[in-house]
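Here is a short report for a reader new to this model.

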Amino acid sequence: MGRTLQFYFFFQAFRMILMFLIVVAALAYLIDFTEFSNRTGGLPMYSVSFALLLSAMRIPYIIEIALPFIILFATTAMLMLLNRKYELVVARSVGVSAWQFLFPVMTAALVTGLLTILVINPLGTKGYAHANAIEGEWRARPSNSPLAQERPWLRQAQEDGGSMLIGASQSTTEGMRLFGVVFLDLDANNAMRRRIDAAEAQLGDRQWLLSDVEISEAGKTTIKRDSMTIPTALDPSVIQQALIAPKMISIFELGEQIAAAKSFGVSAYPFRMQYHSLLAMPALFVAMSLVAATVSMRFVRSGQSAGMILGGMAAGFMLYVVTAVTSSFGSAGIIPPVLAAWLPVAVATLFGVAYLLHREDG
């Protein structure tokens, strides 16, 4: 196949992926802006312009999550369009095999995957974390329970033998600032002595600097303070391990997080799983394009079939579900993260190749 035809198929695939990405981004932007406005519209610092900006900052993170399906739908739509225009039929009639015109399509998926992990992932994690930090500053105090399941917790030891449980509804990716913070002061027998609520906690030189504080003790009146300090020996890396989800850390920072987890003796499985999942993402996109190709091969010979289209979509969805399940196992350390990240991609790729070999070469 000539170079011009290769570039044509590559351009058609990449253009279709870009079109789907723009449509999904626009829908996600409208939905996120509406939901964010409903959630924060009553806060004093809320404004429409700020809400539009913060929603835009979250879009790359949302796009990264949706990209496997964007690749699947865009590649399927592109091959269907070429079939309707008989372009693939003409290409086959002059001796171009399916592998030759699918190679530029898979290359477009691979390039999209590389751009995702090198550009979209860093932008998405930074933007999403920054937007959450600004939202945390807007909120004087979260309305949910201090023991809510969605609030992550960490424990720090105290000099008197007790401990301090620290929970935050939101935090920056560096772990230096926490928002909607709850400190539970426990004695040596794990009995709670007091509860400290703060709108914000800033990690300084071996201390937490709290602002807008409420101190509650059993049988006593709640005490309000503008600020207070709590001694701590916690390192920012430890805080990141406990309070920040691995998906909120870019691929360029995950290596440091894995090393920090090992040095502090905590589990590095979630960070290793996220790291290998990002490395496997380009291959996952190629596998999605192969799934779409298995659907398209039937169209050329016997017409387009709605059943085959639905079958291809279901296969892509199953691949995504299996990837998510193995990712959970890898994060828990049940199976090695490398195996959890690459095994579903390898199986899907081999299945697509085997199916296409059967269809094309018998």
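## Terms and model

A residue is buried under 20% relative accessible area and exposed over 50%; in between, it is partly exposed. The model is predicted.

## Aromatic pairs

The structure holds eight aromatic pairs. One of them joins F10 and F14, whose rings are stacked. Their centres are 5.9 Å apart, with 10 degrees between the planes. Both residues lie in helix 1, which spans residues 3–40. They sit four residues apart, about one turn of the helix. F10 has 24% relative accessibility, so it counts as partly exposed. F14 has 28%, so it also counts as partly exposed.

F183 and W208 form another pair, this one edge-to-face. Elsewhere, ring pairs link F69, F73, F317 and Y320 into a cluster.

## Nonpolar cores

The largest nonpolar core has 55 residues. F9, I63, L67, M78 and F101 have the most contacts inside it. Several helices give two or more residues to this core, among them helix 1, helix 4 (98–138) and helix 10 (337–361). Which helix gives the most to this core? Helix 2 does, with 11 residues.

M78 shows some of the contacts in detail. Setting aside neighbours within four places in sequence, M78 touches F9, Q12, A13, M16 and V105. A second, separate core has 19 residues. L203, L210, V213 and I215 are included in that second core.

## A buried charge

E64 lies in helix 2, which covers residues 48–84. What is the nearest side chain of opposite charge to E64? K247 is, at 8.3 Å. E64 is buried yet has no salt bridge. A salt bridge needs a side-chain nitrogen of Lys or Arg within 4 Å of a carboxyl oxygen of Asp or Glu.

The side chain of E64 does make a polar contact, with the side chain of N121 at 3.1 Å. Beyond neighbours within four places in sequence, E64 is in contact with T116, I120, N121, L278 and M281.

Notes
Residues are numbered from 1 along each chain as its sequence is written. This is a predicted model: local features need pLDDT of at least 70, side-chain atom pairs count only at pLDDT 80 or more; totals for chains, interfaces and linings use all residues. Side-chain values use heavy atoms; hydrogens and water are left out. Buried means under 20% relative accessible area, exposed over 50%, partly exposed in between (1.4 Å probe, protein chains only). Lys and Arg count as positive and Asp and Glu as negative; His and the chain ends are not counted. A polar contact is a pair of N or O atoms within 3.5 Å; within protein, one must be able to donate a hydrogen and the other to accept it, and residues adjacent in sequence count only if both atoms are side-chain atoms. Contact means heavy atoms within 4.5 Å. Rings of Phe, Tyr and Trp (its six-membered ring) pair if their centres lie within 6.5 Å; planes under 30 degrees apart count as stacked, over 60 as edge-to-face and the rest as tilted. A nonpolar core is a set of buried Ala, Val, Leu, Ile, Met, Phe, Trp, Tyr and Cys residues joined through side-chain atoms within 4.5 Å.
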